[in-house]
Amino acid sequence: MLRWGLPVAVIIALFALSFYRLGSSSPTQVSEDRTPLASGAITPPDISAMSPEERANRLFNRVMQMWSEGKSDSAAFFAPMALSAIESLTPLTLHSRYDMGLVALASGDVAKAGAQSDTILKASPTHLLGLALAARVADARGDAARARRARQKLVAAEKAERAKGLPE
């Protein structure tokens with residue numbers, strides 16, 4: 001009885017426990033941008049139904065989230081899609097150029113990020129986003145002196161720039 005009865009009893013108990021847990025589990029909550037399929041898999045959101053701004057924002061947020069979580073390979077994977085989506089929003093605003101610069105930094109393209117910073121600062125030398133991006137680019141290049149100067153300019157320009165009431 002011990003030789004065969006105990007293993008059979010353990011197997012029956014495992015099956016009973018599995019069915020009990022399966023039946024009593026509550027359905028998992030599905031996030032708002034994902035819909036479950038009949039098989040239980042999750043489908044990505046339908047970006048074709050989104051406006052160009054929504055696509056650009058969603059891809060930008062995805063890259064920034066991956067980058068902040070330290071998933072640089074995933075950020076680099078989504079970065080070209082995000083850059084393309086942002087570039088399609090013509091004419092480019094200074095804020096969209098800042099977003100492009102951050103995505104470029106996340107993907108390791110410091111030159112492109114620097115070009116966006118330069119473009120912002122050429123249009124408006126005291127623009128807060130341009131100065132913030134310039135500081136981050138200098139950090140990425142290892143230029144502590146330039147990063148410090150950009151941050152000093154940012155602090156000096158902050159009050160006047162905020163008084164302008166820019167949308168960004």
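This is a predicted model: local features need pLDDT of at least 70, side-chain atom pairs count only at pLDDT 80 or more; totals for chains, interfaces and linings use all residues.

Visitor: How many salt bridges does the structure hold?
Guide: A contact is counted when a side-chain nitrogen of Lys or Arg lies within 4 Å of a carboxyl oxygen of Asp or Glu. One of the pairs is Lys-71 with Glu-69. The number of salt bridges in the structure is 5.

Visitor: How far apart are the closest N and O atoms of Lys-71 and Glu-69?
Guide: Lys-71 has a relative accessible area of 38% and is partly exposed. Glu-69 is partly exposed as well, at 41%. The two residues form a salt bridge, and their closest N and O atoms are separated by 3.2 Å.

Visitor: Which helices hold Lys-112 and Glu-87?
Guide: The side chains of these residues, Lys-112 and Glu-87, meet in a salt bridge with an N to O distance of 3.0 Å. The pair links distant parts of the chain, 25 residues apart. Lys-112 belongs to the helix spanning residues 110–123 and Glu-87 to the one spanning residues 72–87, namely α5 and α3 respectively.

Visitor: Is Glu-161 buried or exposed?
Guide: Glu-161 meets Lys-164 in a salt bridge, at 2.7 Å from N to O. Lys-164 has 48% relative accessibility and counts as partly exposed. For Glu-161 the relative accessibility is 5%, and a residue under 20% is classed as buried, so Glu-161 is buried.

Visitor: Are the rings of Phe-77 and Phe-78 stacked or edge-to-face?
Guide: The count of aromatic pairs comes to 1. In this pair, the ring centres of Phe-77 and Phe-78 are 5.1 Å apart and the planes stand at 85°. Planes over 60 degrees apart count as edge-to-face. The pair of Phe-77 and Phe-78 is therefore edge-to-face.

Visitor: What is the relative accessibility of Phe-77?
Guide: Its partner in the aromatic pair, Phe-78, counts as buried at 18% relative accessibility. Phe-77, in turn, counts as exposed, and the cut-off for that class is over 50%. The relative accessibility of Phe-77 is 56%.

Visitor: Which ring does the charged end of Arg-62 sit over?
Guide: A charge sits over a ring only if CZ of Arg, or NZ of Lys, is within 6 Å of the ring centre and within 35 degrees of the ring normal. The charged end of Arg-62 is 5.1 Å from the centre of the ring concerned. That ring belongs to Phe-78.

Conventions: Residues are numbered from 1 along each chain as its sequence is written. Side-chain values use heavy atoms; hydrogens and water are left out. Buried means under 20% relative accessible area, exposed over 50%, partly exposed in between (1.4 Å probe, protein chains only). Helices (H or I, at least four residues) and strands (E, at least two) are DSSP runs, numbered from the N terminus. Rings of Phe, Tyr and Trp (its six-membered ring) pair if their centres lie within 6.5 Å; planes under 30 degrees apart count as stacked, over 60 as edge-to-face and the rest as tilted.
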